[in-house]
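Thanks, everyone. Let me put the structure up, and then I'll walk through it.

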Amino acid sequence: MDKIKLTQWERKKYGAYLEHLRKYPDNYEYCVLPHYEDYMETAKTECVQMGDCYAVLMKQGDHYVLVAILFDIESEVTEILEWLDHTEVRCLTPTTETVIVRDASEILDEVKFKGQPLLLIEKGTQTFLIDPEDLNEVTEAYDQYNKINNTGLAEDVTLQTD
């Protein structure tokens with residue numbers, strides 16, 4: 001089990017994120033859908049790079065769902081928690097119509113994977129309009145990066161007690 005030490009203020013601010021953070025031998029995984037492996041139809045994930053992280057997608061029916069975000073193992077846990085507090089990955093339903101992106105201050109990255117818009121945004125209060133037809137389709141580049149996720153290798157990241 002990976003233990004980290006946080007100040008009282010950091011515990012209050014980031015505690016909810018820590019509950020969904022797991023450490024693997026080669027990365028950290030923040031579970032957008034906690035315990036997704038227990039109720040998704042397949043164990044196969046597809047990973048698409050968005051900035052310095054990877055969006056982990058799983059097929060659910062006729063579309064993909066964002067289940068987790070992967071971070072490099074070299075990342076400090078506090079950096080990941082800070083990132084989660086200020087940044088978000090959004091996986092939108094396939095569409096050809098203009099998408100309204102609310103609660104953002106900036107769109108950091110935007111692509112399409114198998115026709116679904118994927119956005120990396122900095123959280124904020126502004127609204128943006130995105131035309132999905134203008135997004136770069138990255139499916140061919142990332143089809144090779146699918147994997148079976150062995151959650152048995154995961155360790156919880158917990159707070160160190162004083």
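Ground rules. This is a predicted model, where local features need pLDDT of at least 70 and side-chain atom pairs count only at pLDDT 80 or more, while totals for chains, interfaces and linings use all residues. Residues are numbered from 1 along each chain as its sequence is written, and side-chain values use heavy atoms, with hydrogens and water left out.

Cores. A nonpolar core here is a set of buried Ala, Val, Leu, Ile, Met, Phe, Trp, Tyr and Cys residues joined through side-chain atoms within 4.5 Å. Buried means under 20% relative accessible area; exposed is over 50%, and partly exposed is in between, using a 1.4 Å probe and protein chains only. The largest core has 27 residues, and Val 48 and Phe 71 have the most contacts inside it. Elements that each supply at least two residues include α1 (8-18), β4 (44-50) and β8 (99-113). Helices (H or I, at least four residues) and strands (E, at least two) are DSSP runs, numbered from the N terminus. The largest share, 5 residues, comes from α3.

Take Phe 71. Leaving out residues up to four places away in sequence, Phe 71 touches Asn 27, Tyr 28, Tyr 30, Cys 53, Ile 80, Trp 83 and Leu 84. Contact means heavy atoms within 4.5 Å. Another core, of 9 residues, lies apart; Met 40, Cys 47, Val 56 and Ala 68 are among them.

Next, β3. Of its 5 residues, 5 are buried. Asn 27, Glu 29 and Cys 31 point one way, Tyr 28 and Tyr 30 the other. β2 and β3 form a hairpin, with 3 residues between them. Lys 23 stands opposite Tyr 28. Cys 31 has Ala 68 in β6 as its bridge partner.

Cysteines, quickly. Cys 31 counts as buried because its relative accessibility is 3%. Cys 91, at 21%, is partly exposed. The disulfide count is 0, the rule being a pair of cysteine sulfur atoms within 2.5 Å.

Last, Gln 116, in strand β9 (residues 116-130). Buried or exposed? Gln 116 has 3% relative accessibility, so this residue counts as buried. Its side chain reaches the backbone oxygen of Leu 92 at 2.9 Å. Beyond four places in sequence, the contacts of Gln 116 include His 63, Tyr 64, Cys 91 and Val 111.

How values were computed:
A polar contact is a pair of N or O atoms within 3.5 Å; within protein, one must be able to donate a hydrogen and the other to accept it, and residues adjacent in sequence count only if both atoms are side-chain atoms. Two strands pair if DSSP finds at least two bridges between them.
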